[in-house]
Amino acid sequence: MASSNILKFLAIFSLMNVCIASRTMPTSLVDDSQTQLLKYHKGTLLNGRISVNLIWYGKFTPSQRAIVSDFIASLSTSSPSQAQPSVVAWWKTTEKYYHLAGSKKNPSLSLYLNKQILDQSYSLGKSLTQKQLVQLASKGEQMNAINVVLTAFDVAVDGFCQNRCGTHGAKSTVVKGKNQKFAYIWVGNSETQCPGYCAWPFHQPIYGPQSPPLVAPNNDVGLDGMVINLSGLLAGTATNPFGNGFYQGPADAPLEASTACPGVYAKGAYPGYAGDLLIDSTSGASYNAHGVNGRKYVLPAIFDPSTSRCSTLV
């Protein structure tokens, strides 16, 4: 299981010496093999057509749900053409891991938005355990799927705002007598609980260098923060879905494709500064990726195994 800790980059920078924007990884962290920083543990990656199913737990408005569903739709190469830089271009960096793993064993991955399941009655209450998150994720498809649980602003989750903003993992199941697995992701809305921890750079950070918060591209600090965390966890899910893909460090707390580049969203990033993002001339909002339906998003850097650099769109 892997967690998203967006703002713990100060300590991670000093401990891990990870890259900032286009800076090359130190040779001490680069493996002699082609996998470089993130070692390939010979496991199966997600491949083929994989459905993304959204399980909305708690109260979200239709406009809030559209922010996330449009992001998922933007990941598909079959989606309507997007202005550049695009969400599709950002996602293509994950394909390089598939090339390293071997195309025969791990052919390309294609994501598409499938079901959206609403649980507005808080069927499991407003305080959830990890086991309950997996229970909710099980409401989605049972194979060839990534089931995403999104919890509302008033839902407490074990570890949320303390040591994680979201997590990903996998669950075994039986479908028509055959053993299968589906991947799952959980992300919480931190707007009222810990925006300085899980929604930076759209809110003042809770510690470290203080700089003015950026204007969220969809005018929703909580949901735009969720997209940042969700996108990073999707990159980790694609490249390390079952705990034996690409990662560095202990399997229960791995450094993955996106967490290898904490706090980096554009070139020129440094602790407390997200980088030189694009600015919408009308709204003043920051962004680095265009999506479908005229959407703009801020997406995290992904570690590029072919260059040993943190890859950003701008």
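**Exercise 1. Determine what share of the chain's contacts with a separation of 6 or more comes from residues 24 or more positions apart.**

Solution. A contact means heavy atoms within 4.5 Å. Among contacts in the chain with a separation of 6 or more, 74% are between residues 24 or more positions apart. The model is predicted, local features need pLDDT of at least 70, side-chain atom pairs count only at pLDDT 80 or more, and totals for chains, interfaces and linings use all residues. Residues are numbered from 1 along each chain as its sequence is written, and side-chain values use heavy atoms, with hydrogens and water left out.

**Exercise 2. Identify the strands that pair with β9 and the residues opposite Ala 183.**

Solution. Strands are DSSP runs of E with at least two residues, and helices are runs of H or I with at least four, numbered from the N terminus. Two strands pair if DSSP finds at least two bridges between them.

1. β6 (residues 145-151) runs parallel to β9 (residues 178-188), with six bridges.
2. β8 (residues 166-175) is antiparallel to β9, with ten bridges.
3. Ala 183 in β9 is the bridge partner of Ile 146, and Ala 170 also stands opposite Ala 183.
4. Two residues separate β8 and β9 in a hairpin, where Lys 176 in the turn has a positive phi of about 55 degrees.

**Exercise 3. Describe the surroundings of Pro 213.**

Solution. 

1. Pro 213 lies in the loop between α6 (195-198) and α7 (221-239).
2. Its relative accessibility is 40%, so Pro 213 counts as partly exposed, the class between buried (under 20%) and exposed (over 50%), with a 1.4 Å probe and protein chains only.
3. Leaving aside residues up to four places away in sequence, Pro 213 touches Pro 201, Phe 202, His 203 and Gln 204.
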